[in-house]
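This report concerns the pairing of strands and the packing of nonpolar residues. Please consult the sequence and the structure shown here while reading.

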Amino acid sequence: MTSPPAVASIASDLAFATELARDAGRLLMDRYERVERVDYKSARDIVTEVDHLSEELIMAAIRARNPGDGIQAEESGEHPTEGGHAPAAATGRVWIIDPVDGTINYANGIPFFCVSIALTVDGEPAVGVVFDPSRDELFAATADGPAMLNSEPIQASDKDKLSDFVVQMALSGRSVVTRARAVRKAIRISRSMGSSALALSYVANGRFDAFIQQGGMSNWDVAAAGLIAERAGAIVTTMDGKPWFEASAKPGSVGALAAPAAHHAALLALTK
């Protein structure tokens, strides 16, 4: 029995994204701890030549295979679809790329970084792949399939008590000290790892019981990892409880909270 065209296409796209993430990951590891150039994007953000090389590798492969698809990439921005639609228009197929998420970690030799590749169709995440080349771990999911780690199904945390939770947390804004203290009192401990995409993927197999980030992210940070966490059984929303993915979200404006269904509402309330 053959798969319906849409399902077969998504399976093919997942296989393509997986191969592409591994290719980019090999490039990252070839140059790991041998970064030659670091430029400053802002006071707290940097970009290396490896970011650009990884992005160019990924984009070239997408254009060769699917020249009509749109692309939204961290370093080079938006590239319209064949019909002229901008990626933010939520029309057609758009690849969302973070060639090195956790660049500061990468540039400093800290082995917590990843390649993130997502495909959206009409503004909805359809395929997500997050690859950690330092551990050879590939998290993946499609919108109608299970979350996988190296081809094995994974599930979000099933801990009964919020007080046992280990949470990736980065809060900001008004009353941040008070809100952060409230969360920390309710959980076991919080961490901040320096790669949003990889940390959010960790929710999918319970390494992190939850993920909380007030803002500062962009679609390339969450498009793949949010889908993976969601397909693993976590509830993923914005920090005000709304749908977690919005194609038109401005870079740096994205926040997210991912947690098991039994504890999502409680964590959301604590961050208010």
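Which residue stands opposite Pro260 in E15? In this predicted model, that position is taken by Ala234.

## Strand E15 and its partners

Strand E15 covers residues 254-260. Strand E14, residues 234-237, pairs with E15 in the antiparallel sense, and 4 bridges link the two. Strand E13, residues 210-217, also runs antiparallel to E15 and is joined to it by 4 bridges. In that pairing of E13 with E15, Val254 has Met217 opposite it.

## The largest nonpolar core

The largest nonpolar core comprises 40 residues, and those with the most contacts inside it are Val130, Phe139, Leu200, Val203 and Phe211. Two or more residues come from each of several elements, among them E13, E14 and E15, together with strand E8 (137-142) and helix H5 (196-202). Helix H6 (219-231) is also one of these elements, and H6 gives the most to this core, with 8 residues.

## Surroundings of Val203

Which residues does Val203 touch, not counting those up to four places away in sequence? They include Phe208, Asp209, Ala210 and Phe211, as well as Ala156, Ser157 and Ala229. Val203 also touches Ala234, the residue opposite Pro260, and Ala258.

Another core, of 29 residues, lies apart from the largest one. Ile62, Ile71, Ile117 and Phe131 are among its members.

Key
Residues numbered from 1 in each chain as written. Predicted model: local features only at pLDDT ≥ 70, side-chain atom pairs only at ≥ 80, totals over all residues. Heavy atoms only, no water. Buried < 20%, exposed > 50% of the residue type's maximum accessible area, 1.4 Å probe, protein only. Pairing = 2+ DSSP bridges. Core = buried A, V, L, I, M, F, W, Y, C linked by side-chain atoms within 4.5 Å. Contact = heavy atoms within 4.5 Å.
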